[in-house]
Structures are given as structure tokens and as C-alpha cells.
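Morning, everyone. Please look at the model on the screen, and then I'll walk you through it.

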Amino acid sequence: MSRSTIKSDAARTKSFALDAAKLMSELKCSDVVILDLVGRSQICDYMLIASGTSQRQMKSVGEAIDKLGKTQGSPAWRTDADSGTSWIVVDFVDVVAHLFEPTQRAFYDIEGLWTDAPRLAWRAAAATSR
């Protein structure tokens, strides 16, 4: 299977990123961030970054956002984890979610690579959509 270069509906993609961030937080991830990469990256439009509490929890969160993607018509294209399961990536093509063990997150500092990217205020967006 190849990665599609066709971008999906922008509003649906943003809505999925917001819903996935909310779910990650509900499942006890901390420091959940959404980077808005629209027009900044050829890889994805939104990047989610979160810290997990354990390997088991991070794996469960990855599976939960994969299931969310399927229910919203955006199934994961690929999921991958490092050998120690301290970094899990779930790639939905337009949205890429990174789940980190806190020290790994600090070491790789993905947010630092995208300092010019706006952060979406997903908590406020999620609260107003109710």
C-alpha cells in the first residue's frame, strides 16, 4: 500500500486531529499538543504529540486513536513503535500522532523542530463543540 498524496477535506482533517487530541487526553496522556503544519509540511497537515504513562497505556492509546480514525473515515495508514515501545507513531496521512515516554519526548524534541508552527488550542475547541 502506498501513501496517498491526495489531501482529504481540510475541515474533516482538522476535526479528526482535535478529536484525537481530546481522546489522548481522556486516556491519560499528558502534554498533548497539536502542531498546525498546513502549508509548512509536505508530510502531514497536523502533528499530535503526547506523553504516555507506560508502554501498555501508550499502546492502548495508539489502538484507540486508530479505532477513532476508522470510525471517522480516516483509518491509520501505518503504525510503528521503537523496540522499547517508548515512541509510537500512528500515521493517518494528513494527521500523524506521536506517543512518547516523557524522557524520549524530551530527547527527540519534535516540538523544537517546529517552533514556527502554530499550536491548536484543542481544549478550547473541544469544549466549544459540545
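First, the ground rules. This is a predicted model, where local features need pLDDT of at least 70, side-chain atom pairs count only at pLDDT 80 or more, and totals for chains, interfaces and linings use all residues. Residues are numbered from 1 along each chain as its sequence is written, and side-chain values use heavy atoms, without hydrogens and water.

Now the pair. Helices here are DSSP runs of H or I, at least four residues, and strands are E runs of at least two, numbered from the N terminus. Helix 1 covers residues 10-26, and helix 2 covers residues 55-71. Their axes come within 10 Å and cross at roughly 150 degrees. Axes are lines fitted to C-alpha atoms over the stretch in contact, with angles from 0 to 180 degrees between N-to-C directions. So the two helices are roughly antiparallel, a term for angles over 145 degrees.

Who touches whom? Contact means heavy atoms within 4.5 Å. Phe16, Asp19, Ala20, Leu23 and Met24 of helix 1 meet Val61, Ala64, Ile65, Leu68 and Gly69 of helix 2.

Which residues of helix 1 are buried? Buried means under 20% relative accessible area, exposed over 50%, partly exposed in between (1.4 Å probe, protein chains only). The list is Thr13, Phe16, Ala17, Leu18, Ala20, Ala21, Leu23 and Met24.

Last, Lys28. Lys28 sits in the loop between helix 1 and strand 1 (30-36). Its phi is positive, about 75 degrees. Lys28 is exposed, at 61% relative accessible area. Beyond neighbours within four places in sequence, Lys28 contacts Thr53 and Gln57.

Technical notes. Angles under 35 degrees count as roughly parallel, over 145 as roughly antiparallel, 65 to 115 as roughly perpendicular and the rest as oblique.
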